[in-house]
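Subject: Structure for your review

Hello,

Please find the structure below. My notes on helix packing and the nonpolar core follow it.

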Amino acid sequence: MRHYITDCDGELKSQLSKVRASEKLSEKNKSLILGYHDHDVAIGLSLPRLTRKLISLRLVAERFGVEYDRVTKEDYERVLSQMQRNGVSQGTIWTDKKILKVFHKWMNGGETYPECVKWFKFTKQKSHMKASDMLTQEEVKSLIHHCLN
């Protein structure tokens, strides 16, 4: 069993409780989210990854009124547009799209991506970091030494 700095087990339990107790989620959405969670547990995903997936699926459904068994491409265009307008970071949007795409593939029997998410594109943003911006081995060692004192 992995050991984490934070209480990942407690956070996962908290997120599961939030899904079950949510008044904004339909019973169908709760069933789908929890079924997908069981699948992810069975394939051995880490506690932080399980937690992040629960958070994304719950919040998209709650905040944007998405019914996962009936969602359309147009619904997701609206959701992503609202996320952009609300100032949600590109990293969060990218992660949520990845989670939604795999979730819908699971709902579709694991074979293909349904039309509602098939159009999601993932472009990797180039890092603006230069080699000179990174710490050297000596600087890292110095930092560790000073942290121990």
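Keep in mind that this is a predicted model. I start with Leu-57, which touches Ile-33, Tyr-36, Tyr-68, Ile-99, Leu-100 and Phe-103, leaving aside residues up to four places away in sequence.

Leu-57 is also among the residues with the most contacts inside the largest nonpolar core, together with Val-60, Val-66, Tyr-68 and Tyr-76. That core has 29 residues. At least two core residues come from each of H1, H2 (27-42), H3, H4 (73-85), H5 (90-107) and H6 (115-118). The most are given by H3, with seven residues.

H2 and H5: the axes come within 11 Å and cross at roughly 90°, so the two helices are roughly perpendicular to each other. On the H2 side the contact has Leu-32, Ile-33, Gly-35, Tyr-36 and His-39, which meet Ile-99, Val-102, Phe-103, Trp-106 and Met-107 in H5. By class, these residues are eight nonpolar, two polar and no charged.

H1 and H3: H1 (residues 8-21) packs with H3 (residues 47-64) at an angle of about 25°, and the axes are 9 Å apart. That angle makes H1 roughly parallel to H3. The crossing of H1 past H3 is left-handed. Residues of H1 in this contact include Leu-12, Leu-16 and Val-19, and those of H3 include Leu-50, Leu-54 and Ile-55. The contact of H1 with H3 has nine nonpolar, two polar and four charged residues.

Regards

Key:
Residues numbered from 1 in each chain as written. Predicted model: local features only at pLDDT ≥ 70, side-chain atom pairs only at ≥ 80, totals over all residues. Heavy atoms only, no water. Axes fitted to C-alpha atoms, helices over the stretch in contact; angles between N-to-C directions. Helix = DSSP H or I, 4+ residues; strand = E, 2+ residues; numbered from the N terminus. Parallel < 35°, antiparallel > 145°, perpendicular 65-115°, else oblique. Left-handed = near helix turned anticlockwise from the far one by under 90°. Contact = heavy atoms within 4.5 Å. Nonpolar A, V, L, I, M, F, W, Y, C, P; charged D, E, K, R; others polar. Core = buried A, V, L, I, M, F, W, Y, C linked by side-chain atoms within 4.5 Å. Buried < 20%, exposed > 50% of the residue type's maximum accessible area, 1.4 Å probe, protein only.
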